[in-house]
Amino acid sequence: MEPDDEALREVAAAVARVPPTQRRGISYSQPLSRDAASARRAALRNHSLDDEHILPASHSLSYAHHDPSAGLPAGYHPPLPPHQHHHHPSASYSAGSRRSVGGASDGSMTLERAMSEYGGGHGTLPEFVGAGGGKGIFRVPLRAAMHPARPPPLEVRPHPLRETQAGSFLRTLAAEPQRRQLWAGAESGIRVWALDEVFAGWGAGARRGDEESAPFREGVPAPPALCVALDRANRLMWTGHKDGRIRSWRMDLDTASTAPAPPPAGSGDGGGSVGGSSHGGGSNAPVFREALTWQAYGRTPVLSMVVTSYGEIWSGSEGGVIKAWPYDAIAKSLSLSPEERHMAALLVERSYIDLRNHCTVGNVCSLPASDVKHMLADHSRAKVWTVTSMTFALWDARTRELLKVFGMDGQVESARLETPVMPEQPVEEEVKVKPSKKDKSQGSLNFFQKSRNALIGAADACIKALGERVWVGYASGTVQVMDVEGLEGSANGQWWIDNIGKALDEGTSFYRVGSRQLAALLIAAWARKSLKPYVGDVDAAAVPCGFGRAIGNKGGVGLRIRVYDRKMCFVSNHFAAHLEAVSRRNADFDHIYRTMSFNKPHGSTASTSVQLHRGVNVNGNQVDEVRPDLAEADMIVFLGDFNYRLYGITYDEARDMVSQRSFDWLREKDQLRAEMKAGKVFQGMREGLIKFPPTYKFQKHQPGLGGYDSGEKKRIPAWCDRVLYRDSRPISVAECSLESPVVASITSYVACMDVTESDHKPVRCTFSVDIARVDELIRRQEYGEIIESNEKVRSMLEESCFVPDTTVSTSEIVLENQENIVFRITNKCETSKAAFEILCEGQSTKKEDGTKSEILPRLSFGFPLWLEVQPAVGLIKPGETVEITVHHEDFYTQEEFVDGIPQNWWCEDTREKEAVLTINVRGSTSTETKSHTIDVRHRCPATSAPPPIISNPPASAAPPSNALSGEAPSSKRSSKKSQSSHQRQQQDYAQFGSSEVHDLCRMRCP
């Protein structure tokens, strides 16, 4: 009998004498369960990559808690055996101290020592764990069933694989709380979720990638929707698209016009849906059509869009172009019948106002010609923010006037329309006064710099080609040399990929997940066809470690793959050679670990087990540490030619030990093991017990152990080729759970000694991996049941819907003589804050027969142009009062634009008009509202006089001359800043009586 067999018998006897540790089972869905009745249905899927099928969701698993503060010394630690649904005594481990390899032995056979030397479970190998794994960037990423600083989320659409989302990526979101709808702009158009249906499933099936999503409805196929804006007044959702069009969609989906669902894109190979659903989103579900659409930009996309406080749509595009779409043209187009859709679109298309021309004088504009990627409507003060890569600009939503321009340094730039005068300055003087980088402030970035860097990050670089290499110089001073052949993939690497694919019967049994090559380094991954629906989001990376950290003869190539919502990274490496280059090898690993950056996937991160943000620790506190991409993976596998050698031993001694299979003694001379034990490299990573001969260096085409290098150099045999890994266990012994979602163990670690085509022997390592994840459908169903049945939760929801009691000082306001009227809103509640929002339900005009016109709201219940209300949005502290100022203009200038150029303008009289203001009050944490109504009307005093009817306007009233040359004039609308000009206007028109108010007509520009 072999010595190992005798030892295994002794281990079995030792295990039988030790009673199993008592475990306290806890459901994985415990954070969601508010009562014991719901806990039994908490669902967790536990998958093994060796399985051909998905385990039933009814298999509920439990795990034991261990002390996370226990120390983690270097040494052979018992690995966790493959997780079973029924616990066995062999799955229980003691938390006592562990034996360090190479230490003194007392000769007794304890359970801990037995498992350290011969394995901790059936079919698994003992593992050596490197020191230093619980600190800094080598700490296991924090995972939890829910974020410690956030409430449990309800995932309407869990993170799907990118491979299933061709044409379905979500780009932007908008919520309509009153109708309980969630709208999303997607690559293929628009989709909407009814929040009342999120607790249900698809029933018959759904499109691949949306199986775990809540039921949704889709619009007709359209180009990618880049931005959305909500219009509650007209019950429309406005979207801006990549083709330069603005589209509107009716929120009343039941009454919206529908069309048959188009054939699913990529229906081959599982790209389409399976079955159908009455809720939409399935293959047979109808889609709804757009209501009004027009071409906003000819060849550029609609990058951003908002609805202002005055019911206008503003949109931004490339080159700094900003257009305002007046409400009157949109309202007239919406009133037309479907047969007049073409006329409606043409009417809106030609009505735009070019705001960039509005702030341009003498071909000089205060705004840079940068893409307007973001817009924000400030309804409190009726302002609009526009954001480019260079500036933040502040506009007046009423007058469309550019107020301020902020640079990235936070300084206010001039927004006045004056042609700048550039003084002449010699080049020598310019060089002298030019500040150097050292002179610049090194203080913390301000708000604008941080926002700009977060929204639009970019780096300058120069590039040169020389032979088969590309040299890239970055603004940071880094110079990178890339091998073109390595980047594109050499013929040798493709030969390996093709032949491995043939051996695996690629296309039938396996499919290739991805590959990456850097010079002679190559990594490729395949997966079983049965795993294809659960494997994706493949990203690749390469880090050269050769001369100057630029040449790819040394370095690493990696793949990041998402498997059952968990990130797994595989890195193939080639470190520095030679016996004495230990520190260089350590540095190679550190450089690769810290700098390997994968292409970022689209969409949000997986959240079935909450992945805590890099800048947030487990307590929810901010930390300054920036963690590398590899540090955030749930499992990392490092493999390749690490080039670590045997030290303190001669060539002959090593050959003798190999021939005697004295691997225990040789392991004591292993450089990698010594460096890991000291915490200098592969911190916290694991390696299976080596029981195979050193894999380097052999003479080619010579079989057996006699093939070791016997030439002049006689390189000492060494284990250069290794496989190490790290899973998501925060401690040495932990079971698969949402806190440790990926738990692996090594079942085989061998060298392929029969391969003679290389001076290295290949190494093969087999893992058994358990992955924990949540069944999102069952999670949503449990969530709904908890909300409906749990009294504590229902009580909390009722408290969150509380609306503080408020009073408004008046219900009617009469305006005259351009005065400012102040009314007050008082929060009578002494414990809760009250949020208020003032909207305009519409305005009406008194007709000649004394009747009033129909009250029609503007977009998003915006204010009429003659009325100012500030602040229109705010928060009232308990027991306090806020003052609201209402201001009006007797006369204001209306303008009609065609293709951005003013064509008609006239002076509008605001008297005999009435507006209805609605004050919506809600609690600070609820969507429930209480409303107050105020009627605002203008009373016509006997002494007031309207402006005259002028067929030929005086020069003082004519538009600026640049309007005739295609540039829009600055706005003529009245504001508080121009009250004196209005007074002069009233004096000029004093000879006209009030009886001529109804005779006002348009004045056409000469």
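Phe 823 is in contact with Val 808, Ser 809, Thr 810, Ile 813, Ile 838, Val 882, Glu 883, Ile 884, Val 886, Ile 919 and Ile 934, leaving aside residues up to four places away in sequence. In this predicted model, Phe 823 belongs to the largest nonpolar core, which has 45 residues. The chain comprises 1006 residues, of which 48% are buried.

**Nonpolar cores**

- Within the largest nonpolar core, the residues that touch the most other members are Trp 395, Phe 823 and Ile 838.
- Another core, of 44 residues, lies apart from the largest one and includes Val 557, Tyr 564, Ala 718 and Val 742.

**Aromatic pairs**

- A total of 25 aromatic pairs is present in the structure.
- One of the pairs joins Trp 183 and Phe 288 in an edge-to-face arrangement, with 6.0 Å centre to centre and 80 degrees between the planes.
- Trp 183 belongs to strand E6 (residues 181–186) and Phe 288 to strand E13 (residues 287–288), so this pair ties together parts that lie 105 residues apart in sequence.
- Both Trp 183 and Phe 288 are buried.
- A cluster linked by ring pairs contains Phe 138, Phe 575, Phe 589, Tyr 593, Phe 638, Phe 642 and Phe 682.

**Charges over rings**

- Arg 191 is placed over the face of Phe 216, at 4.1 Å from the ring centre.
- Lys 323 has its charged end over the ring of Tyr 352, 4.1 Å from the centre of that ring.

**Cysteines**

- The number of disulfides is 0, where a disulfide would require a pair of cysteine sulfur atoms within 2.5 Å.
- Cys 736 has a relative accessibility of 0% and therefore counts as buried, the limit for this class being under 20% relative accessible area.
- Cys 765 has a relative accessible area of 18% and is likewise buried, because this value falls under 20%.

**Chain-level totals**

- The secondary structure consists of 17 helices and 51 strands.
- Among contacts in the chain with a separation of 6 or more, 67% are between residues 24 or more positions apart.

Definitions and conventions:
Residues numbered from 1 in each chain as written. Predicted model: local features only at pLDDT ≥ 70, side-chain atom pairs only at ≥ 80, totals over all residues. Heavy atoms only, no water. Buried < 20%, exposed > 50% of the residue type's maximum accessible area, 1.4 Å probe, protein only. Core = buried A, V, L, I, M, F, W, Y, C linked by side-chain atoms within 4.5 Å. Contact = heavy atoms within 4.5 Å. Phe/Tyr/Trp six-rings, centres within 6.5 Å; stacked < 30°, edge-to-face > 60°. Helix = DSSP H or I, 4+ residues; strand = E, 2+ residues; numbered from the N terminus. Lys NZ or Arg CZ within 6 Å of the ring centre and 35° of its normal.
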